[in-house]
Amino acid sequence: IGFEWTAELQKQQQRQRVSFEDRIEHLKEFKGKNGHIRVTASMDRSLASFCTNMRTARTNPTKTNMTVTDERIKALDDIGFEWTAELQKQQQRQRVSFEDRIEHLKEFKGKNGHIRVTASMDRSLASFCTNMRTARTNPTKTNMTVTDERIKALDDIGFEWTA
């Protein structure tokens with residue numbers, strides 16, 4: 001009867017497999033065209049997926065079936081591959097120390113006469129305040145740590161623990 005044992009989707013995936021060496025060439029071409037290797041899905045879905053998979057394979061090898069050998073790492077390093085995704089970099093750049101947040105709250109209080117920060121006033125500072133309240137009342141619901149020293153620092157400037 002001519003039954004097809006390989007599903008069409010599997011056939012397409014087999015046809016679309018691209019060698020690591022070809023991916024390196026595609027990344028070089030991308031870099032030549034764009035001046036960087038921060039590939040997003042909207043730019044090139046397949047290449048962006050490859051980049052994500054490479055990062056995952058290096059940092060969490062058990063979460064992927066890809067292998068990242070020392071030779072592959074060197075090949076990617078040689079073309080300037082960024083092992084930290086852009087979103088992670090933005091998050092790292094936007095992290096503000098607790099001490100800086102205290103200073104921002106003091107400035108806010110000096111300007112507004114209170115520390116009831118709303119998102120429309122300062123989204124980042126309002127988020128910090130909400131996270132601090134949550135960390136104190138529901139520590140399992142956040143990754144922030146509220147030590148006695150932090151509580152005292154916030155109390156000293158008149159922080160309102162109930163919003």
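Student: Is Leu47 buried or exposed in this structure?
Tutor: The model is a predicted one, and in it Leu47 belongs to helix 3. Its relative accessible area is 2%, and the cut-off for a buried residue is under 20%. Because 2% falls under that cut-off, Leu47 counts as buried.

Student: Which residues does Leu47 touch, leaving out those up to four places away in sequence?
Tutor: Leu47 lies in helix 3, and contact here means heavy atoms within 4.5 Å. With residues up to four places away in sequence left out, the residues that Leu47 touches are Arg23, His26, Leu27, Phe30 and Val39.

Student: How far apart are the C-alpha atoms of Leu47 and Ile24?
Tutor: Along the chain, Leu47 and Ile24 are 23 residues apart.

Student: Is helix 2 roughly parallel or roughly perpendicular to helix 3?
Tutor: Helix 2 and helix 3, the latter spanning residues 45-59, pack with their axes 11 Å apart and at an angle of about 115°. Angles of 65 to 115 degrees count as roughly perpendicular, and therefore the arrangement of helix 2 relative to helix 3 is described as roughly perpendicular.

Student: Which residues of helix 3 meet helix 2, and how many residues in this contact are nonpolar?
Tutor: From helix 2, the residues taking part are Phe20, Arg23, His26, Leu27 and Phe30, and they meet Ser46, Leu47, Phe50, Cys51 and Met54 in helix 3. Sorted by class, the contact of helix 2 with helix 3 has one charged residue, two polar residues and, as the number asked for, seven nonpolar residues.

Student: Why is helix 2 described as roughly parallel to helix 4?
Tutor: Helix 2 covers residues 20-34 and helix 4 covers residues 70-78, and their axes lie 10 Å apart at an angle of about 15°. Because angles under 35 degrees count as roughly parallel, helix 2 and helix 4 are roughly parallel.

Student: Is the crossing of helix 2 and helix 4 left-handed or right-handed, and which residues of helix 4 meet helix 2?
Tutor: The crossing of helix 2 and helix 4 is right-handed, whereas helix 2 passes helix 3 in a left-handed crossing. On the helix 2 side, Phe20, Ile24 and Leu27 take part, and the residues they meet in helix 4 are Arg72, Ala75 and Leu76. By class, this contact of helix 2 with helix 4 has five nonpolar, no polar and one charged residues.

Student: What is the distance between the closest N and O atoms of Lys74 and Asp78?
Tutor: Lys74 and Asp78 both lie in helix 4, four residues apart, or about one turn of the helix. Asp78 is exposed, with a relative accessible area of 54%. In the salt bridge between Lys74 and Asp78, the closest N and O atoms are separated by 2.9 Å.

Conventions
Residues numbered from 1 in each chain as written. Predicted model: local features only at pLDDT ≥ 70, side-chain atom pairs only at ≥ 80, totals over all residues. Heavy atoms only, no water. Axes fitted to C-alpha atoms, helices over the stretch in contact; angles between N-to-C directions. Helix = DSSP H or I, 4+ residues; strand = E, 2+ residues; numbered from the N terminus. Parallel < 35°, antiparallel > 145°, perpendicular 65-115°, else oblique. Left-handed = near helix turned anticlockwise from the far one by under 90°. Nonpolar A, V, L, I, M, F, W, Y, C, P; charged D, E, K, R; others polar. Salt bridge = Lys/Arg side-chain N within 4 Å of Asp/Glu carboxyl O. Buried < 20%, exposed > 50% of the residue type's maximum accessible area, 1.4 Å probe, protein only.
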